[in-house]
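Thank you for making the time this morning.

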Amino acid sequence: MYATMEVLKNEDCKVQCRQLAGIIFKNTLLNNHNGEECADLWKVMSTEQRDMLKENSLIALLNEDKSIIRAAATALSAI
């Protein structure tokens, strides 16, 4: 999950990769089909881990490309 947020905020990555990273992050957090261990993934993270993921998403929101902003918003919607 951390790698997806690093890709999302990294302006050196291709736009398509960054978009996909936002979608993968959202799907990972919201995917309840992988059993109990994934159902409350956000809740079992430490405060520092959650803050880092939020910060990276917010950094991506500052991007000028609207598709990256949408991808970041998609990721943030899962939080």
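Before the helices are compared, one term is needed: a crossing is left-handed if the near helix is turned anticlockwise from the far one by less than a right angle, and right-handed if clockwise. Please keep in mind that this is a predicted model, in which local features need pLDDT of at least 70 and side-chain atom pairs count only at pLDDT 80 or more, while totals for chains, interfaces and linings use all residues. Residues are numbered from 1 along each chain as its sequence is written, and side-chain values use heavy atoms, with hydrogens and water left out.

Let me start with the overall picture. The protein has six helices and zero strands, where helices (H or I, at least four residues) and strands (E, at least two) are DSSP runs, numbered from the N terminus. Of the 79 residues in the protein, 28% are buried; buried means under 20% relative accessible area, exposed means over 50%, and partly exposed lies in between, with a 1.4 Å probe and protein chains only. Contact means heavy atoms within 4.5 Å, and among the contacts in the protein with a separation of 6 or more, 55% are between residues 24 or more positions apart.

Now to the helix pairs. Helix 1, residues 2-9, passes helix 2 in a left-handed crossing, and their axes come within 8 Å and cross at roughly 145°. Axes here are lines fitted to C-alpha atoms, for helices over the stretch in contact, and angles run from 0 to 180 degrees between N-to-C directions. On the helix 1 side the contact involves T4, M5, V7, L8 and K9, which meet C17, R18, A21, G22, I24 and F25 in helix 2. These residues divide into seven nonpolar, two polar and two charged, a grouping in which Ala, Val, Leu, Ile, Met, Phe, Trp, Tyr, Cys and Pro count as nonpolar, Asp, Glu, Lys and Arg as charged, and the others, Gly among them, as polar.

How does helix 2 pack against helix 6, and at what angle? Helix 2, residues 15-30, and helix 6, residues 66-77, have axes 7 Å apart and an angle of about 15° between them. That makes helix 2 roughly parallel to helix 6, since angles under 35 degrees count as roughly parallel, over 145 as roughly antiparallel, 65 to 115 as roughly perpendicular and the rest as oblique. This crossing of helix 2 and helix 6 is left-handed. From helix 2 the contact draws on V15, R18, Q19, G22, F25 and K26, and from helix 6 on S67, I68, A71, T74, A75 and S77.

Finally, I will turn to single residues. N56 sits in helix 5, residues 47-61, and counts as buried because its relative accessibility is 3%. The side chain of N56 makes a polar contact with the side chain of E6 at 3.2 Å, a polar contact being a pair of N or O atoms within 3.5 Å, where within protein one must be able to donate a hydrogen and the other to accept it, and residues adjacent in sequence count only if both atoms are side-chain atoms. K54 is also found in helix 5, but K54 counts as partly exposed, at 33% relative accessibility. N63, by contrast, lies in the loop between helix 5 and helix 6 and, at 11% relative accessibility, counts as buried.
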